[in-house]
Amino acid sequence: MMTLNRVGVYTSGGDAPGMNACIRAAVRRALSEGLEVIGIRRGYAGMINGDFVEMDRQSVSNILQKGGTILKSARSTEFRQKEGRAQAAERLNAAGIDALIGIGGDGTFQGATRLHDEHGIAVVGCPGTIDNDLFGTDETIGFDSALNTALESIDRIRDTADAHNRLFLIEVMGRDTGFIALECGIGGGAELVLVPEMLTDVDAIKERILSLMSSQSRSSIVVVAEGDELGGAHHIAEALRQDGAFDDIDLRVTVLGHVQRGGSPTARDRVLASRLGSAAVDALLKGHTCVMVGLVHGDVELTPLRNAWGRRKDIDRDLLQLTELLS
Ligand code: ATP
């Protein structure tokens with residue numbers, strides 16, 4: 001069993017609402033177990049440069065409700081190289097850090113797996129990404145907040161679309177997955193949802209939209225995942241306009257972009273982040289390493305880190321069908 005005295009906590013990759021709540025939970029739980037906690041700033045970039053800060057209960061006061069991450073995040077190309085990871089391991093050893101709690105997405109976990117395999121550093125991951133694309137947890141920290149932000153925007157766009165009988169293509173985030181798009185589509189009553197998990201058939205979209213708009217003379221909303229294989233909402237709009245069939249339709253494109261990342265986390269994300277931050281400490285205390293803590297059917301479960309990023313979590317096909325049935 002490894003000795004556990006000093007734990008390092010870091011956030012990495014794309015920021016997500018709820019990361020602060022997770023940091024707070026991990027720090028406070030670790031302190032209450034008698035451990036020392038070191039905050040590693042700017043993810044792997046800070047790990048390589050020794051950008052460490054000692055954390056106490058006070059340093060995580062009043063952050064639970066805030067978006068972003070007080071530890072900052074970064075993308076580090078150096079850490080992708082063996083030499084960069086060796087330097088990070090040296091820094092960790094010199095600072096007496098026995099174990100890590102990493103909050104981030106699949107890239108963060110790939111890096112953590114390598115650090116563990118190459119240098120024997122104990123690490124537990126907390127799934128922090130708006131994309132919800134990690135295997136081993138029903139939801140990731142930040143997904144619910146991003147989803148609700150996107151949904152609020154879709155509701156607003158619906159008002160203006162309706163006033164003018166317009167067709168809106170609304171692009172939402174999600175990298176190469178359609179989790180945000182799918183749930184936004186259902187929650188926002190979209191006429192169509194285009195996700196990377198399904199081939200996008202431009203002719204079929206045309207036919208469907210034209211029949212909806214001509215028969216009922218109404219607005220239409222199509223939610224497009226940024227990772228859709230046709231290249232996002234602007235490209236799809238271009239394809240729809242190509243043969244002139246949409247000349248009489250007032251087609252607009254809105255790309256929601258980074259608004260989806262910011263803002264205060266939802267209640268659901270705060271609770272999820274608090275549970276998983278605490279569970280990560282628990283896992284380390286029990287001697288687990290190279291695992292991700294997740295929530296599966298309401299219970300905390302551990303998944304090997306390499307499965308969390310290596311296995312694909314599929315979208316719910318029934319939900320996809322539901323969007324069609326209800327449009
Ligand atoms: P999100 O999915 O929200 O964007 P992420 O954690 O996937 O978050 P990435 O930028 O992919 O974000 O990864 C974060 C960092 O992890 C990278 O900048 C890099 O330093 C490290 N990393 C990613 N992939 C690897 C890898 N294969 N090997 C080593 N390090 C990696």
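Colleague: Why is the contact between E36 and R6 called a salt bridge?

Modeller: In this predicted model, the side chains of E36 and R6 come to 2.7 Å, N to O, and because the cut-off for a salt bridge is a Lys or Arg nitrogen within 4 Å of a carboxyl oxygen of Asp or Glu, the pair qualifies. E36 belongs to strand 2 and R6 to strand 1, so the bridge ties together parts that are 30 residues apart in sequence.

Colleague: What makes E36 partly exposed?

Modeller: The relative accessible area of E36 is 36%, and since buried means under 20% and exposed over 50%, E36 falls in between and is called partly exposed. R6, with 24%, is partly exposed as well.

Colleague: Why does R85 count as buried?

Modeller: R85 has a relative accessibility of 5%, which is under the 20% limit, so the label buried applies. Its side chain meets that of E118 in a salt bridge of 2.9 Å, N to O; E118 sits in helix 4 and R85 in helix 3, 33 residues apart. E118, by contrast, is partly exposed at 31%.

Colleague: How do you know that the span of helix 4 agrees with what its residues should give?

Modeller: Helix 4 covers residues 106-119, and its 14 residues, at 1.5 Å a residue, should span 20 Å; the C-alpha atoms at its ends are 20 Å apart, so the two values agree. Among the buried residues of helix 4 are F109, L115 and H116, and just after the helix G120 takes a positive phi of about 65 degrees.

Colleague: What makes R166 and D250 a salt bridge, and how does each count by accessibility?

Modeller: Their closest N and O atoms are 2.7 Å apart, and as the limit is 4 Å, the pair is therefore a salt bridge. R166 counts as buried at 14%, while D250, at 28%, counts as partly exposed. A search of the whole structure finds 16 salt bridges, and R29, E33, D282 and K286 are linked in a network of them.

Colleague: Why are strand 7 and strand 9 called edge strands?

Modeller: Four strands form an open sheet in the order 7-8-6-9, with parallel pairing, and strand 7 and strand 9 each pair on one side only. Strand 7 is joined to strand 8 by three bridges, and because two strands pair if there are at least two bridges between them, these strands count as paired.

How values were computed. Residues are numbered from 1 along each chain as its sequence is written. This is a predicted model: local features need pLDDT of at least 70, side-chain atom pairs count only at pLDDT 80 or more; totals for chains, interfaces and linings use all residues. Side-chain values use heavy atoms; hydrogens and water are left out. Helices (H or I, at least four residues) and strands (E, at least two) are DSSP runs, numbered from the N terminus. The expected span of a helix is 1.5 Å times one less than its number of residues. Buried means under 20% relative accessible area, exposed over 50%, partly exposed in between (1.4 Å probe, protein chains only).
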